[in-house]
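Let's take a friendly walk through this structure together. Have the sequence and the 3D view at hand, and follow along one region at a time.

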Amino acid sequence: HECSAYRISMISGKQKIRGHTLNARLSSDLDRREKESAVVSYIDQCRSDVDKVYFKGFPDALEWFNSSSLSLDEQLKGKLLVLDFFTYCCINCIHILPDLHVLEQQYKDTDGLVVIGVHSAKFDNEKDSLNILNAILRYDINHPVVNDFDATVWHQMDVSCWPTLVIVAPDNQVLHQFVGEGHRDNLLTFVGAAVNYYDATGSIDKSAIPLSLAKNHLPPSPLKFPGKVCVDDSGKALYVSDTGHHRIVVVDQDGLIVDVIGGQDLGLQDGDYAVARFHAPQGLCWSDDVLYVADTENHAIRKVDLKAKKVTTVAGTGHQGTDREGGQVGVEQVISSPWDVCVASLPGSPDQCKDCLYIAMAGTHQIWSLLLKDGPWLKGSSYPLSTCLRFAGSGAEENRNNSYPHKAAFAQPSGLTVASRGGLCLLYVADSESSSIRSVSIRDGATKGVVGGAADPMNLFAFGDADGKGLDAKLQHPLGVAWNSKGKQLYICDSYNHKIKCVDPLTRKCVTLCGNGSPGERVGSYDQAQLSEPGGLCVSPDCHTLYVADTNNHSIKIVDLESKAVSQLHIRDAPVTASDMAKTSTAGNRKRVAPRGTPVTEQPPLSVEIGTVKNIELHVHLPPGCHFTEGATSRWQVVIPEDSPVNVLGEHKGSILPSKNVHIAISSASSDEPSSSSIQVEAVVYYCEETGVCRVQGAVFEVPVIVRINSKTSSATEDYIITLKCKV
């Protein structure tokens, strides 16, 4: 994926040479003013070229996200454009998103700059608009994105690798490109100088681009794009990487959330569960009351002491590194996008030892290790506790197997599990970009292919969906692997085929276990079940059950290996009280149903007689011609103080359904004294107009409650009605 050459072939040889020279000057020790002067001189020369190259724009048929269709003749007229050619699977593409975020913070559309993501897919699954939308939400992309599904724009611009940034002038002339990652400073310098240059010539249009961010229409849910899952040795506690909420959720076997590690705002902070912060965590590994976390976008490994309820950083600095060797201790060692972790023995230790944490280092296409004690290493060497270093992989993005671990090569390894087989202790690796499963011997680091991929180590396009043996089996971007120690089988999240597959490592035979190959959400028998880009899975201690992080469905699925059926683990919070809300508002463990900043509407008092039940009805009225948004769940929730004389009979929260009122039963405990209190009824409603414009409206109703002694004149059977009128 990652390229370094100046690749747009339609640009003249003269401009290519000029571009190479400019890149060298931008990367040199020149001061900022000298670099900006070099950019201005470069633009002057490009404008004087006879054989200029112009961007022709976007075909009308392409689908857009975060905005309506954008045209060079209308919304983009007079704008400096940064076109980000990306494919959402690619780790290098993910790495430059923070660079674009910084760029967009410094230069906005009202300054004359517009960043546009041009999604030109590698995998077939990535051409689907719904899958692209999920990726936009998952990576919090806030600029317009266009689905270049048949690579029309890609070929028009002669782009040849991901990621590539193309800079287009306000007159649509193609100016420059940055290929690969690691160009943040040069990008900021070039764009800043270009914006000032064209502003001074009067060429810049500073009007705003109308945006409709997809994330504003995402309904709240207990989980948001969960990436990985693991279980403790008792099988009673399940740990879920709630990746989109930047936290780890601990649930019991019934799906009840019993603990939350970290808050919903991202960050890198150690401390107790309420204070700790993560950034898009992925891989998890439980080991003796310790949970290890691959804190992916913090480029760090975190250790959770489950008894002390404390989080500490044990490797990584919080900044993406490019080191492909390692050898530093703990937080002194920079790492890059760790995606999964597992605990096993050191190369010279007995197989049953748990003295090394192995890391799928997706960012450098390698397998790394973190020593959990002083111990032996490859070739008779040894390292002290907390040393973090490469175990296998050269750092080249290839599907290369080799007996020598540092001559082997991986392509974005994203899943890890450990297995003992035939007297060997092995790591199994989900090598996502080669669409293969690989094995690595812990004893000597020898790497072999298991299933999928191609014989040619440079071929990273040998993907598909086919059961079979060895290379005949085809996968599509697998992200997760798990070992069944009793059945001696390997389970795979074949993520872009939306399936779970099973591999016999001895015969290298791969077969589909469940999922019909189409993205969706359906439970039932193996052949009926539908998943959507499952990212991780684990095997229960009794080896009867798989737990699957069904990423794009924001859910955990249960695969019963005995009944051969798939069901959903319904994740839910404990009943909500006002004190819970007060506690979790700082801890970030639970957010309100209504959007932040929703005003509180005072309601008339609700009278409840002691020992009786009063029914509250919530009526939701949509404007004429509007309908509830398909796929977005409107919700309600009741919050009651702990010391309140009333409580809710039945559910405290639920869904708002079309043409159905919400019924909330409020009861009063027996008492000899009248009293008073208040409750809050929250709601969020997702609805669309006939024009296709979709909206979200929240409401918080404050209801004073008066508890009275039984009265013969009161009308206890009358319902108390709350009306929520949505607006356009």
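## A sheet to start with

Valine 290 has aspartate 305, in strand 14, as its bridge partner. Strand 13 (residues 290–295) and strand 14 (residues 300–305) pair in the antiparallel sense over six bridges. Strands here are DSSP runs of E with at least two residues, and helices are runs of H or I with at least four, numbered from the N terminus; two strands pair if DSSP finds at least two bridges between them.

Both strands belong to an open sheet of five strands with antiparallel pairing, in the order 11-15-14-13-12. Strand 11 (271–272) and strand 12 (284–287) stand at the edges with a single partner strand each, so one side of each lacks a neighbour in the sheet.

## What you are looking at

This is a predicted model, in which local features need pLDDT of at least 70, side-chain atom pairs count only at pLDDT 80 or more, and totals for chains, interfaces and linings use all residues. Residues are numbered from 1 along each chain as its sequence is written, and side-chain values use heavy atoms, with hydrogens and water left out.

## The chain as a whole

The chain holds seven helices and 47 strands. Along the principal axes, the C-alpha trace spans about 95 × 75 × 45 Å.

Of the 728 residues, 58% count as buried, where buried means under 20% relative accessible area, exposed over 50%, and partly exposed in between (1.4 Å probe, protein chains only). Among contacts between residues at least 6 apart in sequence, 61% join residues at least 24 apart; a contact means heavy atoms within 4.5 Å.

## Aromatic rings

How many aromatic pairs does a search of the whole structure find? The search finds 15. One of them joins tyrosine 197 and tyrosine 198, edge-to-face at 5.0 Å centre to centre, with 75 degrees between the planes. Rings of Phe, Tyr and Trp (its six-membered ring) pair if their centres lie within 6.5 Å; planes under 30 degrees apart count as stacked, over 60 as edge-to-face and the rest as tilted. Tyrosine 197 counts as buried because its relative accessibility is 12%, and tyrosine 198 is buried at 2%.

Phe85, Trp154, Trp162 and Phe461 form one aromatic cluster. Charges meet rings too: arginine 302 has its charged end over the ring of phenylalanine 278, 4.8 Å from the centre, and arginine 138 lies over the face of tyrosine 139, at 5.3 Å from the ring centre. The cut-offs are NZ of Lys or CZ of Arg within 6 Å of the ring centre and within 35 degrees of the ring normal.

## Loops worth a look

Tryptophan 162 and proline 163 are joined by a cis peptide bond, with omega about -15 degrees. Proline 163 is in the loop between helix 5 (152–156) and strand 5 (164–168). Asparagine 172, in the loop between strand 5 and strand 6 (174–179), has a positive phi of about 75 degrees although it is not a glycine.

Buried or exposed: which describes histidine 245? Histidine 245 is buried, with a relative accessible area of 5%, and lies in the loop between strand 8 (238–242) and strand 9 (247–251). Histidine 246 lies in the loop between strand 8 and strand 9, has a positive phi near 60 degrees, and is buried at 13% relative accessible area.
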